[in-house]
Amino acid sequence: TDLIADLEEDMMKTLAVRCLVMSLLVFVGMPPGALAQDKGADLDKLFSYYHEMGMFNGAVLAAEAGQIIYSRAFGFADFEKKISLTSSSVFCIGSVTKPFTALAIMILKEQGKPAYDDKLIKFFPEFGTYAQDVTIRHLLTHTSGILDYANDLGMQLRHPVLTKTLVFDTLVRQSALKFQAGEMFAYSNSGYFLLAMVIEKV
């Protein structure tokens, strides 16, 4: 049936992705010089194969010891309009950035700026009394209670283009938290948006 065929196709794609990831892990785990020939050429063979099998569409950049050893784009940025991907194509990577934001905060914390228990209003007094107890730790752990600009406030639906100023001003204008800071967990894009602004400021 069509359902079974779809399931089989999904399983094959999942298996292919896992094989690709395992291939990359083996490749990355090898010591410098372990491969006989140019690593860039080996990577090209790997990604070309998965692309030709219809199992990879994207851009790849690999670096070793600070030097780019491979860079290539495969497939389309827009399938309907047949617009090809390039190495400079812009991707909507969404929450993939959150671990990097958290890591940047941790690196800064090791340098003494900021501390996990520093309050948000130390960096942005504009938040006034409603977020006066929110700390960097709360923002990191999704326990701040600050309304999520995407899910709670629906800004992505109402504004085709979101700017940093628009999101920040909207959050500042709120009058209450969703819950008391530290009281519970609620995934928050706003928290990591504000962490990014703290990084910029310090």
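Residues are classed by relative accessible area as buried (under 20%), exposed (over 50%) or partly exposed (in between), using a 1.4 Å probe and protein chains only. The model is predicted, so local features need pLDDT of at least 70 and side-chain atom pairs count only at pLDDT 80 or more, while totals for chains, interfaces and linings use all residues. Residues are numbered from 1 along each chain as its sequence is written, and side-chain values use heavy atoms, with hydrogens and water left out.

E126 lies in the loop between α4 and α5; helices are DSSP runs of H or I with at least four residues, numbered from the N terminus. With a relative accessible area of 43%, E126 is partly exposed. Beyond residues up to four places away in sequence, E126 touches F168 and V172, where contact means heavy atoms within 4.5 Å. E126 and R173 are separated by 47 residues in sequence and by 8.9 Å from C-alpha to C-alpha.

S144 occupies the loop between α5 (136-140) and α6 (155-158). This residue is buried, because the relative accessibility of S144 is 2%. The side chain of S144 reaches the backbone nitrogen of I146 at 3.1 Å. Apart from neighbours within four places in sequence, the contacts of S144 include V134, H138 and F179.

Helix α8 (residues 189-201) has 13 residues, and at 1.5 Å a residue it should span 18 Å, which agrees with the 19 Å between its end C-alpha atoms; the expected span is 1.5 Å times one less than the number of residues. Buried residues in α8 include Y192, F193 and L194. The elements covering the buried residues of α8 include α3 (98-110) and α7 (164-173).

Definitions and conventions: Helices (H or I, at least four residues) and strands (E, at least two) are DSSP runs, numbered from the N terminus. A polar contact is a pair of N or O atoms within 3.5 Å; within protein, one must be able to donate a hydrogen and the other to accept it, and residues adjacent in sequence count only if both atoms are side-chain atoms.
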